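Here is a short briefing for a reader new to this structure. Look at the model, then go through the points by topic.

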Amino acid sequence: GQILTTLQIIAAFNSTSIKWGKPFTDVIDALKLLSFDLDLIRMQCGGLTDPLAKYGFKMSMPVLSIALLCTFHCLVNMIRPRLSSMNGLLNAIGQMMFIFFISLGLSVMSPFQCYSHPAGNGFSSLVASPQILCSTGDHLGLQVVAIVSVVFYIGLFLAVTGYAVVWYPVLISSDNINFMKRFRFLFIRWDPRVHWFSIPLLAKNFLVALFPMLVPEANLDLTIVLLLLTLTGYLFLAARFEPWRTRELNWLDWISTAGLCIILLIGSMSVGGDEPSAGASIILTVIFSMLMLVMALFFCGYAYRRLLEIMQIKKRFSVFVSHHKGGGACCARFLKMALSKRVNGTIFYDSDNLDSFSGVFDAVKMSETMLVVLSGETLCRPWCVGEIVTAYYNKILTKTCVMGDGQTQSLAKWTQLTAEGFANFYGKFEVLRPYGIALEDIKPAIDLLLQNVPIRINLESCAALDKSLQETVEALASGSEEVNFTRKSRRLSVTLIAGGADVTAINLDAPVLLLSDATDPEASASARVLKMLLEEMTQKQVQLDLALGESEYSAMLSGMGAVSTLCIFTSTTLQSPRQLARIAMYFKERPDGTIFPVLIGETFRFPTASFFDDLVQKGHPFGSVQGATDLFSQATGMLITPVEVKEALEWTFETSPDFVNVPYATEDLLVVQVAKLCGKVAPKKERCERTSRTSRRGSLWAEQPVGFRLSSDLGEGADEIDDNGQVRGPPVGVLLGARSQGLEETHDKKKTEAIQEVSV
C-alpha cells in the first residue's frame with residue numbers, strides 16, 4: 001500500500017507544471033497508468049472520442065471494478081459455499097478504494113484543471129482535453145459530472161471512514177466484533193491506540209490530489225507550498241504517534257514521506273520557468289530510484305516471509321513463551337535462557353523480541369509451538385488470553401507449565417466457571433476486539449488449554465530441574481515435526497566444574513553464595529538466571545541455597561570460607577518469614593560477613609523506620625511478635641527474634657543495592673546489569689575501614705531522614721525513596737545503563753567485554 005501511495009503522489013506532482021527535466025521526466029511518465037490516464041490504451045479505437053464520453057467511462061471504472069469483485073464473490077460461493085464472506089467482499093472493495101484514493105481523486109477532479117493560452121488572449125483550455133475551452137458549455141457539462149463523482153466516490157468514502165472511526169470505541173466496547181471484521185481494511189494497519197489515523201492519511205491523499213487540480217497554473221509556487229505543508233504535517237503526525245503496527249512500517253512511512261518532500265523541494269527550482277539542469281534531474285532520478293529500491297526490498301522481504309508462513313516451510317520462532325509480567329516474567333526469562341540451550345531456533349520472549357504490543361499476535365503466528373507459564377493471573381490478562389486464542393485458531397501446539405504446586409491448585413477455579421461467569425469476566429476484554437478476538441473465540445481456546453496437564457518446573461533441585469526441562473522439550477517436540485529440538489542431556493545451570501554440580505549438595509569451596517526465597521517462584525527463577533550469567537562471566541561457581549534445609553544451610557554458613565554473598569529481594573521478600581529468618585541467621589553464623597542486596601525489577605519498596613517499628617513491636621506482617629518469632633525460628637531451626645531480623649536487614653542495606661531488571665530488561669541490558677555484580681563477587685579485598693557492627697546498629701535507619709537518596713555508587717540519576725519507602729525516579733534502564741556504552745552492540749560482544757573487565 002505504501003509503495004502504490006508513493007507512486008501515486010509522484011504522479012500527482014507530475015500533474016503540476018513543474019519542469020523536472022530529463023531523465024526524471026521519462027521516469028514519471030511511466031507512472032501515468034496509476035492516475036487512470038486511459039489515453040494510454042487508445043480509447044479512440046473503441047469509438048470514445050468525445051471528451052465527455054471518455055471522462056464518463058473513466059468514472060465508471062470503479063463501479064465496474066466493484067461489479068467484477070461481486071461477480072467473483074458469487075462464483076466462488078457457488079463453487080464452494082461460504083468460502084467468501086460478505087465482510088471479505090466489503091474489505092476488498094474498501095481496500096481498493098483506500099489504495100487508489102489519490103489516483104481516483106486526480107481523475108475525478110481533472111475537469112477543474114485549466115491552463116492559460118500562451119498567446120495571452122485571455123482564454124484557457126482544459127489540461128486533459130485542450131480542445132475544450134474552460135467555462136464553456138462542454139466544460140460545464142464535465143464539471144457537473146465531476147461534482148457528482150466527487151460526492152459519490154470521494155465524499156461517500158470519507159463519510160464511511162468517518163463513521164467507522166467515530167463509532168469504533170463504542171462498538172468495540174460492546175463486543176461488536178462483526179464491526180471490526182467489516183472495517184478491517186481501515187483498522188488492521190494501525191496500532192489500536194491510534195485507530196483514527198486513517199483520517200489523516202486520507203486527508204493527506206485527498207489534498208495531494210486536490211491542490212494540483214484547483215490551484216491555477218500561474219500560482220505554481222502556492223501549489224508547491226501547499227503540498228509541502230500537507231506532507232510535512234502528515235510526517236509530524238506519523239512521527240508523533242507512530243501509528244503503524246510495526247516499527248518497520250513506521251520507518252518506511254517516514255522515509256517515503258521525507259523523500260517526497262526532498263523531491264518536491266528540488267522540483268521547486270523550476271518555479272521561475274527555467275528547466276532544471278541535467279545534473280539536478282539526475283539527482284532527482286537517483287533519489288527516487290533509491291526510495292523505490294528501499295520500498296521494493298522491504299516489500300520483497302515481507303512477501304518472502306509471508307510466503308514461508310503460508311507454505312509452512314519455516315517459522316521465525318521455535319517456541320513462544322507466553323507469560324504474565326506481574327507474576328511470571330522472571331520464570332519466563334529463565335525458561336527462555338534454559339530452553340535456548342536445548343532448542344535449535346529462536347525462543348520468543350517479549351522483552352527481547354517485541355517492538356510493540358500490537359505485534360505480539362503476529363509473533364504467535366510465526367511460532368512453531370507455544371509454552372504458557374501459568375502464574376496466578378495468566379488467564380486474567382487480556383494479552384495472555386489473546387496469545388492463547390491466536391495459537392488455538394492457527395493450530396499451534398500449546399503446552400503449559402507451572403512453577404511449584406500452588407499454581408496447579410489455583411487453576412481449578414477456571415474449570416468451575418459457569419457460562420455466565422465466563423461471559424461476565426472475559427466480556428470485559430475490549431482491548432482484544434481490534435484484533436478480531438470476540439468472547440465466543442475465547443472459550444474454546446481456554447477449554448482446550450485447561451485440558452493440558454501442566455508441566456511442573458522444579459527450580460530447587462538441579463536434578464529435578466533438569467528432568468522437568470527435558471520433559472518440557474519432549475512435550476513441545478511431540479506435536480511439531482518442523483521444530484528441531486536437540487536431545488542433549490546436560491544441566492541447565494551451567495557450571496565450570498567438570499560434569500556439573502548439583503546445587504542440592506553443599507559446595508564449601510564455592511566463592512559466591514546466592515540467597516533467594518524458595519517459596520517465591522519469581523525469586524527462585526531470578527536466582528537461576530543470575531547463577532547462569534555470573535558463572536559465565538566470572539568463571540566462578542555460584543552456590544544456591546534453594547534446596548537446602550535448616551541444618552544444611554547452617555552447616556554451609558559455618559563451613560564456607562571467604563565468600564561473596566548476594567541476596568535477592570523481590571516485592572514479596574519482606575513478607576517472607578523464611579527469607580527474613582535466613583538473612584538473620586546468616587549474620588548470627590557469620591557476624592563479620594557482608595550481604596550485597598540485589599533488587600529484582602524496576603522498583604522496590606525499601607523497609608522504613610515505621611516498617612521496623614511494626615515488626616519489632618507488633619510482629620507485623622506476621623500477626624504478633626510471638627507469631628513472628630515462631631515463624632522465624634521454624635524456618636531456621638534456631639531462635640530468631642524480630643529484633644534480630646531488623647538488625648540483619650539494617651546491616652544488609654548498609655551496602656548499596658543493585659537493581660537487576662530480570663522481568664523487563666532486554667537480554668543485552670540484563671548482561672550489562674549483571675556485569676556490575678561481577679565486581680562484588682571478585683576475590684575479597686579490604687574495601688574500606690569499617691567500624692564495629694555494634695556501634696553502627698540501626699544507625700542507617702535511625703539517623704537518615706525518610707526520603708534519603710541512595711548511595712552515589714548507583715550512579716547519576718539514582719532514584720529517591722519517598723515516605724513510603726517506594727523508589728521513585730528514572731527507570732532502572734537509565735539508572736544502571738546510563739554509564740554503559742555500546743548497547744547497540746551484539747549480545748556476544750557485551751558478554752566478552754564484561755568478562756574481560758572482571759578479569760582485569
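Val63 is partly exposed, with a relative accessible area of 40%. Partly exposed is the range between buried (under 20% relative accessible area) and exposed (over 50%), found with a 1.4 Å probe and protein chains only. The model is predicted: local features need pLDDT of at least 70, side-chain atom pairs count only at pLDDT 80 or more, and totals for chains, interfaces and linings use all residues. Residues are numbered from 1 along each chain as its sequence is written, and side-chain values use heavy atoms, leaving out hydrogens and water.

**Nonpolar patch**

- Val63 sits in helix H3, which covers residues 51-79. Helices are DSSP runs of H or I with at least four residues, strands are runs of E with at least two, and both are numbered from the N terminus.
- Together with Phe152, Leu156 and Val160, Val63 makes a nonpolar surface patch of about 330 Å².
- H6 gives the largest share of this patch, three residues.
- Patch residues have over 30% relative accessible area and no salt bridge; nonpolar side chains (Val, Leu, Ile, Met, Phe, Trp, Tyr) are joined within 5 Å, like charges within 9 Å.
- A salt bridge here is a side-chain nitrogen of Lys or Arg within 4 Å of a carboxyl oxygen of Asp or Glu.
- Accessible areas come from the Shrake-Rupley method with a 1.4 Å probe; for residues, only the protein chains shown count as cover.

**Gln143**

- Helix H6 also holds Gln143.
- Gln143 is buried, at a relative accessible area of 19%.
- Leaving aside residues up to four places away in sequence, Gln143 touches Pro111 and Phe112. Contact means heavy atoms within 4.5 Å.

**Disulfide**

- The structure has one disulfide, a pair of cysteine sulfur atoms within 2.5 Å.
- Cys114 and Cys134 form the link, with 2.0 Å from S to S.
- The link of Cys114 and Cys134 is left-handed, at -110 degrees about the S-S bond.
- Cys114 lies in strand S1 (residues 114-116) and Cys134 in the loop between strand S2 (124-126) and helix H6 (137-173), so the pair ties together parts 20 residues apart in sequence.
- Cys114 is partly exposed at 24% relative accessible area, while Cys134 is buried at 11%.

**Other cysteines**

- Cys384 is buried, with a relative accessible area of 4%.
- The closest cysteine sulfur to that of Cys384 is in Cys380, 9.5 Å away, too far for a bond.
- Cys261 counts as buried at 8% relative accessibility.
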